[in-house]
Amino acid sequence: MRCTIVPPHMLEKVLESSTDPELRALALRTLRLDAATRTSRRLAGPAAQGNGRRDEPKRLIKDAMNLEELPGKTVRSEGQDPTGDPVADRAYDWLGATFRFFEDVYDRDSIDNAGMEMVSTVHYGVDYDNAFWDGAQMVYGDGDGRLFLSFTGPLDVTAHELAHGVTQYTADLAYYGQPGALNESVSDVFGSLVKQHHLGQTADEADWLIGAGLFGPSVRGEALRSLKAPGTAYDDPELGRDPQPGHMDAYVRTHHDNGGVHINSGIPNRAFYLVAVQLGGHAWERAGQIWFDALTGGTLYPDTDFTGFAAATAASASARYGAASPEHEAVVHAWTAVGVRR
């Protein structure tokens, strides 16, 4: 399924609770557009590991010119000068930052580890309140200017969506139930790590938020999600209250949002945060390496659940750092702390 950064329950809450007819109309239009343009995710087997050389990105920015048609008109290719459109130029820069992270930290050559061209379309639709990965490229709406600002603003929005592509080409986790929540969590984890890497932050310095800066000035909230404290990212009259749990005791059983993929992702998100802060330093170096090893190691299946993923990360920590290592201990402790058994 197409993976969007704004979960449907936020937009549905606007329809349910807002007294503003303009906001209700915007939310309905975004939900209808999301439903109408879903595409099947491409199937791909596990990709080979890095090639040991420093690769360079191949970026392509297109402009939909506020139409609902993809991919749009090419406005900037790799190596070309900025366009002067801050939205298009941010999209180009954030593709580069995400590529550089996976290349420099994990020796991965683009999304598919084979030099895949990274394509982004900006200015999609009119006041479209979302951004998504469609299995082949990134697509950004401009936001409505009230609830949501431009979706090219926060780096972690781009990194989150591109990480769906990395998952697609490795574990290919199904987009429903616990595998879908893991799919979303992996994107939140690496979205946050790309931002931390770009800013040079340690685990203690990071905000652990996804989409900070995306809300309009009147929205009561910090971001779309918090890895540190699931359920606390926003509490707004129009968007509702962040429903994410941080422990299995509060796991949400629902048929909405593909079985709550954007909701229950808070549980593995919290587990990763606990590993990162227990180990300290730069979170991408050890905690992130363990998650990346699990994702790309060939031991996950499309239907892997939380228990299976916890076991995979514990095995990755043991294989890389040793069964008696602080890294392995941190992983085991974190999953126990969020109520997931291995």
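Let me begin with a definition: two strands are taken as paired if DSSP finds at least two bridges between them. With that in mind, I turn to this structure, which is a predicted model.

Strand β5, residues 131–133, and strand β6, residues 138–140, meet that criterion, pairing in the antiparallel sense over three bridges. Within this pair, Phe 132 has Val 139 of β6 as its bridge partner. Both strands belong to an open sheet of six strands, ordered β1-β5-β6-β4-β2-β3, in which the pairing is mixed.

I move next to the nonpolar cores. The largest comprises 90 residues, and the members that touch the most others are Phe 148, Phe 190, Leu 193, Trp 208, Leu 239, Trp 291 and Trp 335. Helix α3, residues 86–106, supplies the largest share of this core, with 11 residues. There is also a second, separate core of six residues, including Leu 33, Tyr 124, Tyr 128 and Phe 132.

What surrounds Trp 208, leaving aside its neighbours within four places in sequence? Its contacts include Ser 192, Gln 196, Arg 225, Lys 228, Phe 272 and Tyr 273.

Finally, consider Asp 293, which lies in helix α8, residues 287–296. Is Asp 293 buried or exposed? Its relative accessible area is 18%, so Asp 293 counts as buried, the cut-off being under 20%. Not counting residues up to four places away in sequence, Asp 293 touches Ser 316 and Arg 320.

Note on methods:
Residues numbered from 1 in each chain as written. Predicted model: local features only at pLDDT ≥ 70, side-chain atom pairs only at ≥ 80, totals over all residues. Heavy atoms only, no water. Helix = DSSP H or I, 4+ residues; strand = E, 2+ residues; numbered from the N terminus. Core = buried A, V, L, I, M, F, W, Y, C linked by side-chain atoms within 4.5 Å. Buried < 20%, exposed > 50% of the residue type's maximum accessible area, 1.4 Å probe, protein only. Contact = heavy atoms within 4.5 Å.
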